[in-house]
Amino acid sequence: MPLDKRFIGRSYGPFTYELGLEKMREFSLILGGSTPRAGTPGAPPAHLSPLLYDEAAAKAGPYGDVIASPSFAVVFAIQPFSAAIADPELGVDMVKLVHGEQELEFLDVMKPGDVLTTTGSITALYDKAGLDFLVVTTESKNPQGQTVVRGVWSAVIRQ
Amino acid sequence: MPSRTFQVGDTFTHVRVCDRYRPAYYAGASGDFNPIHIDPEVGRLAGFNGIILQGLCTLGWAVEAVSLFVGDPGRIRRVRVRFSRPVLPEDTVTFKGRVTALASDRLTAEVSATNQRGEPVLKGAVVEAAIG
C-alpha cells in the first residue's frame, strides 16, 4: 500500500549535537580505512589529510583546528530522516527500504565544540511502479542561526 | 600549500577496498547499525549474499576522492549521489573524477564509482569544492 501523502510537510526535530574531537577523528580514520582495536581507532592511513586528525598540524593550518570529514555530517544530520523512517504513523517497512539518493551541502567547516541543531521535514512522498519514494530535507544550524549543513535524504521502499 | 590551477577536463582516480569488517567499523564510527550492514542473515533476507556496505560510506569515499584532488577536505561544498548498487565486503571501488565546470571560486566534478566487475555503485555523482 502506498505511503499516505498527507504526511508531506511533517517535521522532525530539533535535534542538537555537539561535535567532539575524538568522534570526528574516529570517523575520519575509519572512513579513511584504518583498522581499529580496543582503545584506538587505528593508525591514520597515509592518504588522509592531517587536518582531519592531527591537532598540531590542524592548528597551524587554514582552519585553526581539526575539521570533520564533510560526510561526518551524516552522523547527526540523519536524525530527521531516521525519525521519519521509524515514525509509526508513516509506517515504513525497514526491511523493504533502501537509501536511494543523498545530497549534502556544506556551508562551513565543522570543528570540535561546534553545536549544531538539525531540523527536517518530509518534502516529497510519491509512488511509482510499485515503489514508494520518501524525501526528507534537513538543515543543521549553529547557535547563531547560520546553516552549516543542508541535506536531502531519499529512500526507496518496495510496496 | 602552493596554489594550483584546475582545468575543465582534468581527471583523477581514487581506489578504495571494502575490507571484510569495514561495514562493522563504519557502523561503529557513524552509528549506522542497520542490521543489513552487520548481520549476514538480514542481508540475505533483503536479497543480497550477506551484508552490504553503508551507502553513506561510499559517498564519503567519493568526497575523499575530490578532497585529495583539491588538496583540502575543508573545501568540499556539496555532494550529490544516487546509490545504484550495493558495495559488498571484499569489493574494490574505483572512483574516477572529471572536472566538468569551473567558476572563479568553485570547481564541479563528476565522479563515477565502479566495483571490480565494472559495475557502477554510484550514479550521477557530483561533488563541488571551493577553490581560489
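A polar contact of 2.8 Å links the side chain of Asn115(B) to that of Glu119(B). Here a polar contact is a pair of N or O atoms within 3.5 Å; within protein, one must be able to donate a hydrogen and the other to accept it, and residues adjacent in sequence count only if both atoms are side-chain atoms. The model is a predicted one, where local features need pLDDT of at least 70 and side-chain atom pairs count only at pLDDT 80 or more, while totals for chains, interfaces and linings use all residues. Residues are numbered from 1 along each chain as its sequence is written, chains are lettered from A and ligands numbered from 1 in the order in which they are written, and side-chain values use heavy atoms, with hydrogens and water left out.

**Around Asn115(B)**

Asn115(B) sits in the loop between strand 4 (106–114) and strand 5 of chain B. Helices (H or I, at least four residues) and strands (E, at least two) are DSSP runs, numbered from the N terminus. A polar atom of the Asn115(B) side chain also lies 2.9 Å from the backbone nitrogen of Arg117(B). Is Asn115(B) buried or exposed? With a relative accessibility of 4%, Asn115(B) counts as buried, where buried means under 20% relative accessible area, exposed over 50%, and partly exposed in between (1.4 Å probe, protein chains only).

Arg117(B) is partly exposed at 48% relative accessibility, and Glu119(B) is partly exposed at 24%.

**Salt bridges**

Side chains of opposite charge can pair when their charged atoms come close. The rule used here asks for a side-chain nitrogen of Lys or Arg within 4 Å of a carboxyl oxygen of Asp or Glu. Over all chains, the structure holds 19 salt bridges.

| Pair | N to O distance | Relative accessible area |
|---|---|---|
| Arg22(B) and Asp19(B) | 2.9 Å | Arg22(B) 1%; Asp19(B) 25% |
| Asp72(B) and Arg75(B) | 3.8 Å | Asp72(B) 3%; Arg75(B) 26% |

A network of salt bridges links Glu103(A) with Arg78(B), Arg106(B) and Glu128(B).

**Chain B and its helix 3**

What is the order of elements along chain B? The sequence runs β-α-α-α-β-β-β-β, giving three helices and five strands. Chain B has 132 residues, of which 49% count as buried, and its C-alpha atoms fill a box of roughly 50 × 30 × 20 Å along the principal axes.

Helix 3 of chain B covers residues 55–70, which makes 16 residues. From first C-alpha to last, helix 3 reaches 23 Å, close to the 22 Å expected; the expected span is 1.5 Å times one less than the number of residues. Helix 3 is mostly covered, with 14 of its 16 residues buried. After helix 3 comes Gly71(B), with a positive phi near 90°.

**The pocket and the cavity**

On a 1 Å grid over the protein atoms alone, a cavity is a set of points where a 1.4 Å probe fits but cannot get out, and a pocket is an open set with protein on both sides within 12 Å along at least five of seven lines; lining residues have an atom within 4 Å of a point. Grid points are joined across faces, edges and corners, and a volume is the space filled by probe spheres set on the points.

The largest pocket holds about 930 Å³. Its lining has 39 residues, and those nearest its centre are Leu97(A), Val98(A), His99(A), Asn34(B) and His37(B). Strand 2 of chain A gives the largest share of this lining, four residues. By class, the pocket lining has 24 nonpolar, 11 polar and four charged residues.

There is one cavity of 30 Å³ or more, and the largest cavity has a volume of about 60 Å³. Its lining includes Phe106(A) and Met110(A) from chain A and Ile76(B) and Arg77(B) from chain B.

Technical notes
Ala, Val, Leu, Ile, Met, Phe, Trp, Tyr, Cys and Pro count as nonpolar, Asp, Glu, Lys and Arg as charged, and the others, Gly among them, as polar.
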